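Please brief me on this protein model.

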Amino acid sequence: MSSDYRYPSHLEVVKRFWAINPAKNVEPVDLTTDPEYSGRTEYFEGGNKLFYLKLMNVTERDEHMYCIRITTNIESQRYLFYPGVTLNVTGLRVESPERVSEGNTTRLTCWTTCPLPDRPTYIWYKNGRCVDRNDKETNVLSLRPTRIEDTGSYSCAVRGYEGLPSPAVVLSVRYSPKNISVSISPSGEIVEGSSVTLTCSCNANPPADEYSWFKQKQFLGKGKDYTISNISSEDGGEYKCKTSNAEGQRYSSSVMLNVVVGPTMVHHAVIAIIVSCTIIFFAVSMVFLRRKKMCCWSQDRTAKQENIYSNMAVQTPTNSAPLSNTGPVYQDENQYASIAHHDDGSSASASGAFEEVQYASVQHRRDKVVKKALEEENVPYASVSFNRSPRPAEMLDDPSVIYSTVK
């Protein structure tokens, strides 16, 4: 746009610029310093005192009166050339309802102030992509019924002028809460005495502004989260939440909260039983091994002492060497299962001092020296009887001769 300007010849122009909508007693603002015009305005001069304004990326908001302002070398000599140039912006625009709800019918209208040919063809765009529709000769786009997927940015254009589309209008579809779910934290096994938090989540436009909690049909409270501290088995059961916004309300599916007995009593009891059983097992094992060891030791000692002779008769010979009182009473450790001992009357007193052993049923006729020596031998007999034959008295005092088989 351009305009000419005149001023007295004796003055010198110091500055000239374009301003919009000048007001009385208000100093106009240079468009190049206005944030809304900075970067999209240019000034240049033409012949015959013409001054030009180049405005780029024009929109409907640029509909104003544009005037030239000059300042001279005399401060009091400033000029505003009014009226200036009035700019009318024509073009396409999309009109949409203020509130768009799911399930309703939504109508978008493409308006223009431009002179158009008869029966123009309108093109609709959603998020920059052409929208397929049957009636392309009307300037209305109908969304029937309106779905959540219809949310997006819409613009329109006239065929033949696709390069001049309307500014985009954002369509936001409102809907009641959907995809309602309840989550339990911590997940997994819920133990008595612990703390549990239930969280209700959903998708909604506008976002849900109210949450209510229920156990079966019993109301529990409000809030997005519901926390149970020091939970017990009585808190187990089915829980659900209700969400609502300006478009409606809806319930979630029920979730089951299972509460199990805590590990304090049961685990401690199990551990105590295991420890007790282990201690008893080791104690019994030690007693058994100790007894077995003592039994083996006793049997080994007995086996060294025993040399069993069955059905043995002992008879003192008549022609034996003289017995010595200084030697040991016995030289062997033989055991006799059954011994027949027959003494005649003449040798009974002398042979009674020969030896002393342990008998089950035996008559002893020994002297004290032989008795003491035989007690140290500690030889047991089951049943023994002695059969003696006459022998010299001097031989009876020596117990160092032992006969295994003598008749």
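Proline 186 sits in the loop between strand S15 (173-185) and strand S16 (190-191). Serine 185 and proline 186 are joined by a cis peptide bond, with omega about 0 degrees. Strands here are DSSP runs of E with at least two residues, helices are runs of H or I with at least four residues, and both are numbered from the N terminus. The model is predicted: local features need pLDDT of at least 70, side-chain atom pairs count only at pLDDT 80 or more, and totals for chains, interfaces and linings use all residues. Residues are numbered from 1 along each chain as its sequence is written, and side-chain values use heavy atoms, with hydrogens and water left out.

**Backbone geometry**

- Most residues other than glycine have a negative phi, and most peptide bonds are trans.
- A cis peptide bond also runs from tyrosine 82 to proline 83, with omega near -5 degrees. Proline 83 lies in strand S6.
- Glutamine 216 has a positive phi near 60 degrees and is not a glycine. Its place is the loop between S18 and S19.
- Glutamine 216 is exposed, at 53% relative accessible area. The classes are buried under 20%, exposed over 50% and partly exposed in between (1.4 Å probe, protein chains only).
- Asparagine 230 has a positive phi near 50 degrees. This residue is in the loop between strand S20 (225-228) and S21, and counts as exposed at 59% relative accessibility.

**Strand pairing**

- Two strands pair if DSSP finds at least two bridges between them.
- An open sheet of three strands has the order S2-S5-S6, with antiparallel pairing.
- S2 and strand S6 (78-86) are at the edges with a single partner strand each, so one side of each has no neighbour in the sheet.
- On average, neighbouring strands of this sheet are turned by 15 degrees against each other, direction ignored. Axes are lines fitted to C-alpha atoms, for helices over the stretch in contact, and angles run from 0 to 180 degrees between N-to-C directions.
- Strand S5 (residues 65-72) and S6 run antiparallel and are joined by six bridges. Isoleucine 68 has phenylalanine 81 in S6 as its bridge partner.
- S3 and strand S4 (residues 50-55) are also antiparallel, with six bridges. Glycine 46 stands opposite leucine 50 in S4.
- S3 and S4 make a hairpin with three residues between them. In the turn, asparagine 48 has a positive phi of about 60 degrees.

**Salt bridges**

- The whole structure holds 10 salt bridges. Each is a side-chain nitrogen of Lys or Arg within 4 Å of a carboxyl oxygen of Asp or Glu.
- Arginine 16 pairs with glutamate 45, and their closest N and O atoms are 1.2 Å apart.
- Arginine 16 is partly exposed at 26% relative accessibility. Glutamate 45 is partly exposed at 43%.
- Glutamate 247 and arginine 99 form a salt bridge at 2.6 Å, N to O. Glutamate 247 is in the loop between strand S21 (237-245) and strand S22 (248-251), and arginine 99 is in the loop between strand S7 (92-95) and strand S8 (100-101), 148 residues apart.
- Glutamate 247 is partly exposed, with a relative accessible area of 23%.
- Lysine 222 meets glutamate 210 in a salt bridge of 2.8 Å, N to O. Lysine 222 belongs to strand S19 (residues 218-222) and glutamate 210 to strand S18 (residues 210-215), 12 residues apart.
- Lysine 222 is exposed at 55%, whereas glutamate 210 is partly exposed at 32%.
- Glu27, Arg69 and Arg78 are linked in a salt-bridge network.

**Valine 131**

- Valine 131 is in the loop between strand S11 (129-130) and strand S12 (140-143). This residue is partly exposed, at 21% relative accessibility.
- Beyond its neighbours within four places in sequence, valine 131 contacts Trp124, Tyr125, Lys126 and Leu141. Contact means heavy atoms within 4.5 Å.
- Valine 131 and cysteine 156 are 25 residues apart in sequence, and their C-alpha atoms are 9.9 Å apart.

**Overall make-up**

- The protein has three helices and 29 strands.
- Of its 407 residues, 31% count as buried.
- Among contacts with a separation of 6 or more, 61% are between residues 24 or more positions apart.
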